[in-house]
Amino acid sequence: MENQQQQQQLLEVEQCVTSIPEDHEATCWGCGLRLVFASYAPVFKCGWCGAITQSNPTSRKPDSICFSHWRRLRDWFFVTVLILFMVFVICGGVWAVYPIVFSISNFWGIFHCILTAFLAAFTITSYCLASFKSAGAPANIRWGRYPMVEKSDLENYTFCTYCSKPKPPRAHHCRSCKMCVVDMDHHCPFIGNCVGASNHRAFVIFLISVVISCTYVAIMTIYSSYHIWPSVDFPNLASSRHSMNSMKMLLEIITTLASSAFFLSARGVVLVYLAFASLSVNAGICVLLCQQLSYVYEGNTYLDRLNSANVMHRERGLQNLVRFFGCPYSISRVLLRCSNTGKLQDNSWSKLL
């Protein structure tokens, strides 16, 4: 019985490999079988294991020690800057904002303290998950010899010349992390880690928490600055407001406010800095968050978007966001129903037109 199975496998291999005239030969890296082609092909796929092989693979030299140290120092620098900024926003905001809030109302002071603690814990937790969790290393798989590799075991796998290991589809090698990452989006120096299949959701949740926290900080600092700002008079504006155009009026207001800022206390200076910093960071993170959500909606990653061939085979829709965030069944049903209703309406309008 075992001999019959082995003979049947050998016949399948012969049908997959030796059915072409013997003009060009190559060896599959996945199963080690000798492949024969009628004409030269720079890239070919094994008919047995499904592995993709390049006829003339480019030799990859290992990165130099200086290059590896530079990437590591770059990541440590950006991670340190981000952690210090988060600590300064939390501590500086508590020191500058809450004495003013408590002077207005004890109830709202306690409420905002609890809300600040929740946002800080949520942001730091999501950051740690995105930073310290593995981005998604490929699973170990058997390769190299035919009896050990069964049919279609390495379907659409390629060979990583850096790791000298099989690389699954939609995986990319990161030279900073020195490993292949499944569904790699990009390497983020601010978290010191790649964004891949295992931590992509934590990274997007971290971006959402940063947007919410920065918006809250901007609102609270502007509100507190309004209460402690020195009194401002506009004598020129009051006397000649009918003869001044809107541009001169705006310039007069900005000049008067800037001159009064020299009389701010240390708490007021911290409030102004936190307001501008939170608004600036919020603008940049909002752009990155919208980009990430659009990629998830399309079922792609940033690196997939660079390759137009991968984009054509992805299905876009709200179901990708539901699957990405792992929404509960009841919520996912409502969202998918709304998405399907919108698609039906678009199809009906297109037919009418």
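A residue counts as buried here when its relative accessible area is under 20%. Keep that cut-off in mind, because at 11% relative accessibility Ser68 falls on the buried side. Please also note that this is a predicted model.

Ser68 is in helix α2. Apart from its neighbours within four places in sequence, Ser68 is in contact with Asp63 and Lys178.

Let me take helix α3 next, residues 106-132. Does its length fit its residue count, or depart from it? At 1.5 Å a residue, the 27 residues should span 39 Å, and the end C-alpha atoms are 39 Å apart, so the two agree. At the start of α3, a side-chain oxygen of Ser105 comes to within 3.4 Å of the backbone nitrogen of Phe107.

Which residues of α3 are buried? They are Gly109, His112, Thr116, Leu119, Ala120, Thr123, Ser126, Tyr127, Ala130 and Ser131. As background, an α-helix has 3.6 residues a turn, so residues three or four places apart point the same way. The cover over the buried residues of α3 includes α2 (65-104), β10 (193-195) and α4 (200-228).

I will go through those covering elements, starting with α2. Helices α2 and α3 pack at about 175°, and their axes are 10 Å apart. The pair is therefore roughly antiparallel. On the α2 side, the residues that meet α3 are Val79, Leu82, Ile83, Met86, Ile90, Val94, Tyr98, Val101 and Phe102. On the α3 side, the residues include Gly109, His112, Thr116, Ala120, Thr123 and Tyr127, and these are among the buried residues of α3.

Now Ser126, also in α3. With 4% relative accessibility, Ser126 counts as buried. The Ser126 side chain reaches the backbone oxygen of Phe122 at 3.0 Å. Not counting residues up to four places away in sequence, Ser126 touches Ala202, Ile205, Phe206 and Ser209.

For β10, the residue to look at is Asn193. Asn193 has 9% relative accessibility and therefore counts as buried. Leaving aside neighbours within four places in sequence, Asn193 is in contact with Ala130, Ser131, Lys133, Ala135, Cys177, His187, Cys188 and Asn199. Of these, Ala130 and Ser131 are listed among the buried residues of α3. Asn193 and Cys177 are 16 residues apart in sequence, with their C-alpha atoms 7.1 Å apart in space.

The crossing is left-handed. From α2, the residues in contact are Phe85, Phe88, Val89, Gly92, Gly93, Trp95, Ala96, Val97, Pro99 and Ile100. From α7, they are Ala266, Arg267, Val270, Leu271, Tyr273, Leu274, Ala277 and Val281.

Helix α4 also passes α7. The axes of α4 and α7 come within 7 Å and cross at roughly 150°. These two helices are therefore roughly antiparallel to each other. The α4 and α7 crossing is left-handed.

Conventions:
Residues numbered from 1 in each chain as written. Predicted model: local features only at pLDDT ≥ 70, side-chain atom pairs only at ≥ 80, totals over all residues. Heavy atoms only, no water. Helix = DSSP H or I, 4+ residues; strand = E, 2+ residues; numbered from the N terminus. Expected span 1.5 Å × (residues − 1). Buried < 20%, exposed > 50% of the residue type's maximum accessible area, 1.4 Å probe, protein only. Contact = heavy atoms within 4.5 Å. Polar contact = N/O pair within 3.5 Å; in protein donor to acceptor, adjacent residues only side chain to side chain. Left-handed = near helix turned anticlockwise from the far one by under 90°. Axes fitted to C-alpha atoms, helices over the stretch in contact; angles between N-to-C directions. Parallel < 35°, antiparallel > 145°, perpendicular 65-115°, else oblique.
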